[in-house]
Amino acid sequence: MGNSFGCSASGERLVSAARDGDLQEAKALLEYNPRLARYSTFGVRNSPLHYSAAQGHHEIVSLLIESGVEINLRNYRGQTALMQACQYGHWEVVQILMLFKANIHKADYINGGTALHFAASNGHSRCIRLLLADHVPSIPDFWHMTRKRSSQGSSSSEFDEGSALSRILNKTADGGITALHMAALNGHHESVQLLIDLGASVSEVTVEDGTTIDLIGAGSTPLHYAACGGNAQCCQVLIARGASLTSENANGWTPLMVARSWHRHWLEGILSRRPEGRPLILPSPYLSLPLMSMVKIARECGWRNPLPTCSDPCAVCLESKCSVAAEGCGHEFCTNCALYLCSTNSTSTTKPGPPGSIACPLCRHGIVSFVKLPGTNPIKEVVRTGLSLSLCTACSSEGSETASISTPFCKPDFHCTRISPLASYSFRSLSCQRFPSMKINTSFCMGAPDTSPSLVPCADNRRGHNQMGRCLTSGLRRSASQNDSRRSWFSLNQSVATGSG
């Protein structure tokens, strides 16, 4: 019993350190017990990785991943740490999770939304381009090829409709809602422009779905949703990229009728007729072509830069050794600075170079891709300590059930039996007492901002802990009373046997 309480207390300390950004506390706890990274809170099943990702503590996220936590771990809503980071716009966390190859295809259990839906719904364009870093090639004419495909309605051999990029961009949540629908509804015109530049379809329509409350109607395009949201820039971008002004949804409403029904009177001039002449279409300032090449180099050679061994350090940070060079101008940078340039770039489109290139900080040359320097050696795969240790269970524990995350640790002074290591996505529950289930608050929804800085409201936390404490206290009292009755029965039998009774 004490062993179970000790593990739970250490896990709660790690959760608090991850939520508050206490890096030293998290390091000390993980050095003492690396498998604490797999701990999850009761009821909502949020791990320390969920809390640190939601709060933007990217250093703790990196520490937890290297300690062996399952990177695609879900909470009770089916959300991963990547979804949480995208919802709150913590691009540093998204960058680390993508470097460790987090799964961007997983959908949550409530609305079927992916990490891309969360990022687009909240207008986090930096997170969107990081999510798609593995699918946007570092080639000069990428933007022109996507423009040609969208204008002609046909697909090229490089970017056909069945490609991985198109499937990710146009993946639908419940009700047929795409990421472009969500960005248009919430008025995030920069995210709308970036999604279209990457190849999102402006003609995708919603469908009838019993789990989705749709106040606009099935068969609605992103322009219908933009009209409902009331953002004029979103409507202008969609119309300039080919969205239809006359398309009707299942209710027979055009985008103009949707705007009138929601009293968006300022959109009538935009939605009533298509603008004369050819509109000037500029590429999104958040398009970053060198990102794919830089992510591949960082995965192969690492992104934590060693100290310079010569008198020629990185020209940006002046602290680390140069490991990559920009194609074209040839200027050299460290991996961390090059990643930062690719992830934070949102410059003007008037810079030299093809659309989507980033300006070199030294000569302003448009960088399309990075190459690895000859002296940069690949690193070995990181040994995750949480996966290399074997588990132990108390000898008195009865048949344990398989669960995703629990309190699986024993102190060394307990008699333990070694079992073979388990995979990171399955974990054996080794607690000495089965805790009662807690009531789950199902009021959360995709994209809705939480009023509390933590993922679980404080009141619910207090009620959950109080409930758990009452259950454990009653269990201890029952156990004590049972022990007293056993001692009385044993004394009675002994008296009868000796004839003293």
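Modeller: In this predicted model, G252 is found in the loop that joins helix 14 (232-240) to helix 15 (255-261). Its relative accessibility is 26%, so G252 counts as partly exposed.

The aromatic rings come next. A pair of aromatic rings is described by the distance of the centres and the angle of the planes. The count here comes to two aromatic pairs. In the pair of F333 and F370, the ring centres are 6.4 Å apart and the planes stand at 80 degrees; since an angle over 60 degrees counts as edge-to-face, the pair is edge-to-face. F333 belongs to strand 2 (residues 332-333) and F370 to strand 5 (residues 370-372), so the pair ties together parts that are 37 residues apart in sequence. F333, at 0% relative accessibility, counts as buried, and F370, at 4%, also counts as buried.

F370 leads on to the nonpolar core. In soluble globular proteins, nonpolar side chains tend to be buried together. The largest nonpolar core has 112 residues, and F370 is among those that touch the most other members, together with L82, L131, L195, L238 and L271. Helix 6 (residues 91-99) gives the most to this core, namely seven residues. Beyond its neighbours within four places in sequence, L82 has contacts that include V94, L97, M98 and L131.

Technical notes: Residues numbered from 1 in each chain as written. Predicted model: local features only at pLDDT ≥ 70, side-chain atom pairs only at ≥ 80, totals over all residues. Heavy atoms only, no water. Helix = DSSP H or I, 4+ residues; strand = E, 2+ residues; numbered from the N terminus. Buried < 20%, exposed > 50% of the residue type's maximum accessible area, 1.4 Å probe, protein only. Phe/Tyr/Trp six-rings, centres within 6.5 Å; stacked < 30°, edge-to-face > 60°. Core = buried A, V, L, I, M, F, W, Y, C linked by side-chain atoms within 4.5 Å. Contact = heavy atoms within 4.5 Å.
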